[in-house]
Amino acid sequence: MMIVFLGPPGAGKGTQAEAISKGKNIPHISSGNLLREAVEDGTETGIKARHYIEKGLLVPDQIVVDIIEDRILKNDCKAGFVLDGFPRTLSQAKVLDEMLRNLGNTLDIVFYFSVSKESVVQRLSGRLICGACGANYHKIYVPSSKDGLCDKCGGKLNQRADDKPETILERLRVYHEQTEGLIDYYEKSGILREISSDDRRVEMITKKISDTIDNTLQKKSLIGRGVN
Ligand code: AP5
């Protein structure tokens, strides 16, 4: 199952991608995580990407396309994946279609996470990430049980460098300008499913996504067997 999670910053894509990846046993591929890892490792890609990420701007298409292509070609992606944060421009979407076509595949579902601007600002300004294992928390909505420490590994929780108020607003502006048009692109291809992400019950959203995936898989298998 080839799945894309599309939506504004802070919509909950990463949180849901983690849950779906575990539940369906397919890898979670986050372009943001891959870029942040490259920045931390000081690779050539990371050095080029850092300035864009810190300003809340999109990293140039070719840099992101290269890291995503490398990842998708790995063996663990053969049965499917959840792509979170990619594509983000029309040109990235077209490259992804071509990448999958070359592998004899197509995207099955694009989940569009719709969420209010207020939720985005509240979620991103309260987000905390474990510096050791990358687990994702929120000061109010998804708190850790020990203040400032990760429940999973005991690592220290930090704010992401691009979660400062002025950068959050810039990321939202960039999303409206460069990414929102993809909703129309995928709607036209008939694979878009909207998920209302304002609901604070994370597990309810996971269930809706999971049910939609199961229904789509079932239909696909019926069509594969010639049953309409
Ligand atoms: P990226 O890392 O992709 O960031 P983003 O898209 O801005 O998304 P976020 O990670 O901020 O939010 P999310 O939707 O995953 O929400 P989360 O689940 O964490 O990209 C960062 C940067 O990298 C970009 O700005 C760009 O520079 C670059 N980049 C990445 N991909 C690129 C591409 N394709 N092309 C070019 N450049 C690219 O949730 C947020 C918070 O809310 C958390 O605290 C969470 O605990 C909480 N939460 C989650 N769900 C709920 C809920 N239902 N109720 C209450 N709280 C919730």
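This is a predicted model: local features need pLDDT of at least 70, side-chain atom pairs count only at pLDDT 80 or more; totals for chains, interfaces and linings use all residues.
Let's start with strand β3, which covers residues 81–84. Are its faces covered or open? Both are covered: Phe81 and Leu83 are buried on one side, and Val82 and Asp84 are buried on the other. In a regular strand, side chains alternate between the two faces of the sheet.

Two strands run parallel to β3. Strand β1 (residues 2–6) is joined to β3 by 4 bridges, and Val4 has Leu83 as its bridge partner in β3. Strand β2 (residues 28–30) is joined to β3 by 3 bridges; here His28 has Val82 as its bridge partner in β3.

Now for strand β5, residues 127–130. Both of its faces are covered too, with Arg127 and Ile129 buried on one side and Leu128 and Cys130 buried on the other. The pairing of β5 with β6 (residues 136–138) is antiparallel, and so is the pairing of β5 with β7 (residues 157–158).

Here are the pairings side by side:

| Strands | Sense | Bridges |
|---|---|---|
| β1 and β3 | parallel | 4 bridges |
| β2 and β3 | parallel | 3 bridges |
| β5 and β6 | antiparallel | 3 bridges |
| β5 and β7 | antiparallel | 2 bridges |

Individual residues show where the β5 contacts fall. Leu128 has Tyr137 as its bridge partner in β6, while Cys130 has Leu157 as its bridge partner in β7.

Which residue takes a positive phi in the hairpin of β5 and β6? That is Gly134, with a phi near 85 degrees, and the hairpin has 5 residues between the strands.

Key:
Residues are numbered from 1 along each chain as its sequence is written. Side-chain values use heavy atoms; hydrogens and water are left out. Buried means under 20% relative accessible area, exposed over 50%, partly exposed in between (1.4 Å probe, protein chains only). Two strands pair if DSSP finds at least two bridges between them.
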